[in-house]
Amino acid sequence: MWNYEKRLQYPINITRPNAKIAQIIMSQYGGPDGEMGASMRYLSQRYSMPNRKVAGVLTDIGTEELAHLEMVATIVRQLTKGLSAEELEAAGFAPYYVDHTAGIWPQAAGGIPFNACEFQSKGDAITDLFEDMAADGAII
Amino acid sequence: MMISQMNQAQLLHWIDMVSFAVVEITEYLDTHPCDEEAMKYFNHYADLRRTAMRAYAEKYGPLTIDTANPDNYWQWASSPWPWEGGNC
């Protein structure tokens with residue numbers, strides 16, 4: 001189970017909205033190397049991890065990724081909040097706005113919806129750990 | 001600075017710092033369960049975090065359900081959420 005903590009892992013206070021940047025940053029929410037994939041990757045892989053200590057790391061890192069997910073969503077939210085439909089359209093945000101307005105929805109910057117195929121869970125510790133290294137290498 | 005002298009922003013910044021230390025040392029200890037120096041580090045920052053979380057809840061409202069202590073008003077869902085700039 002999980003408990004929520006009512007703060008961000010690192011504070012976010014954006015003073016100047018910018019829908020153009022929001023559209024790019026959104027990829028870190030629901031894109032191929034985003035935090036949604038990262039959290040689901042670790043939290044799914046842990047069940048078949050034979051090494052108990054590594055299952056512990058997968059649990060705690062997967063949990064931390066959820067905190068990152070919340071920070072990215074907050075950035076996107078604050079970057080688009082309060083902008084008019086005209087301002088959003090001028091920033092190239094219309095294709096997103098037509099389906100989601102200023103709501104937070106997991107997609108890549110190019111509009112591709114989040115997909116569980118962004119990560120793997122094979123039931124084999126070595127295979128999964130290699131995937132983790134490849135994934136975190138992509139994020140760095 | 002003692003946490004009793006901190007304003008809300010300073011106390012929250014302190015909580016963010018000591019919590020980050022706790023999260024990271026937790027992940028290290030998961031695979032290094034015999035490292036006594038790391039456990040000392042954990043105990044030190046976990047204690048600072050507990051104290052700060054209680055102080056914050058008392059003055060500004062709870063950041064966790066475990067530190068909620070409602071009297072006549074349920075603050076948890078009424079004060080601003082982190083993405084709205086609450087506790088940020």
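Reader: Where does Trp2(A) lie, and what makes this residue count as exposed?

Author: In this predicted model, Trp2(A) sits in the segment before α1 of chain A. Along the chain, Trp2(A) and Thr63(A) are 61 residues apart, yet their C-alpha atoms are 8.6 Å apart in space.

Reader: Why is Tyr28(B) called partly exposed?

Author: Let us set the count against the cut-offs. Buried needs 20 or more other C-beta atoms within 10 Å, exposed needs 12 or fewer, and partly exposed is in between. Tyr28(B) has 14 within 10 Å, and therefore it is partly exposed. You will find Tyr28(B) in helix α1 of chain B. Its C-alpha atom is 8.2 Å from that of Ala38(B), a residue 10 places away along the chain.

Reader: What makes Thr101(A) stand out in its backbone, and is it buried or exposed?

Author: Most residues other than glycine have a negative phi. Thr101(A) is not a glycine, but its phi is positive, about 45°. This residue is in the loop between α6 (94-100) and α7 of chain A.

Reader: How do you know how much confidence the predictor has in chain A, and which elements score lowest and highest?

Author: The pLDDT runs from 0 to 100. Chain A averages 95, and 98% of its residues score at least 70. Among its elements, helix α7 (residues 125-139) of chain A has the lowest mean pLDDT, 89, while helix α3 (residues 35-45) of chain A has the highest, 98. Chain B also averages 95, with 98% of its residues at 70 or above. For the complex, the predictor gives an ipTM of 0.93 and a pTM of 0.95.

Reader: What makes α3(A) mostly covered?

Author: Eight of the 11 residues in α3(A) are buried. For each of them, that takes 20 or more other C-beta atoms within 10 Å. The buried residues of α3(A) include Glu35(A), Met36(A), Arg41(A) and Tyr42(A). Over chain A, 32% of the 140 residues count as buried. Chain A has seven helices and zero strands.

Reader: Which residues touch the most other members of the largest nonpolar core?

Author: They are Tyr29(A), Val72(A) and Val76(A), in a core of 14 residues. The elements that give two or more residues to this core are α1 (19-25) and α4 (52-80) of chain A. The largest share, six residues, comes from α4(A).

Reader: How do you know what Tyr29(A) is in contact with?

Author: The test for a contact is C-beta atoms within 7 Å. Leaving aside neighbours within four places in sequence, the partners of Tyr29(A) include Leu69(A), Val72(A), Ala73(A), Val76(A) and Pro106(A). There is also a second, separate core of seven residues, with Leu11(B), Leu12(B), Ile15(B) and Met53(B) among them.

Reader: How many helices does chain B have, and at what angle do α1 and α2 pack?

Author: Chain B has two helices and zero strands. Helix α1 (residues 8-31) of chain B and helix α2 (residues 36-60) of chain B pack at about 150°, with their axes 9 Å apart. The crossing of α1(B) and α2(B) is left-handed. By class, their contact has 22 nonpolar, three polar and one charged residues. Of the 88 residues of chain B, 15% count as buried. The C-alpha trace of chain B spans about 45 × 25 × 25 Å along its principal axes.

Key: Residues numbered from 1 in each chain as written. Chains lettered and ligands numbered in written order. Predicted model: local features only at pLDDT ≥ 70, side-chain atom pairs only at ≥ 80, totals over all residues. Helix = DSSP H or I, 4+ residues; strand = E, 2+ residues; numbered from the N terminus. Core = buried A, V, L, I, M, F, W, Y, C linked by C-beta atoms within 7 Å. Contact = placed C-beta atoms within 7 Å. Axes fitted to C-alpha atoms, helices over the stretch in contact; angles between N-to-C directions. Left-handed = near helix turned anticlockwise from the far one by under 90°. Nonpolar A, V, L, I, M, F, W, Y, C, P; charged D, E, K, R; others polar.
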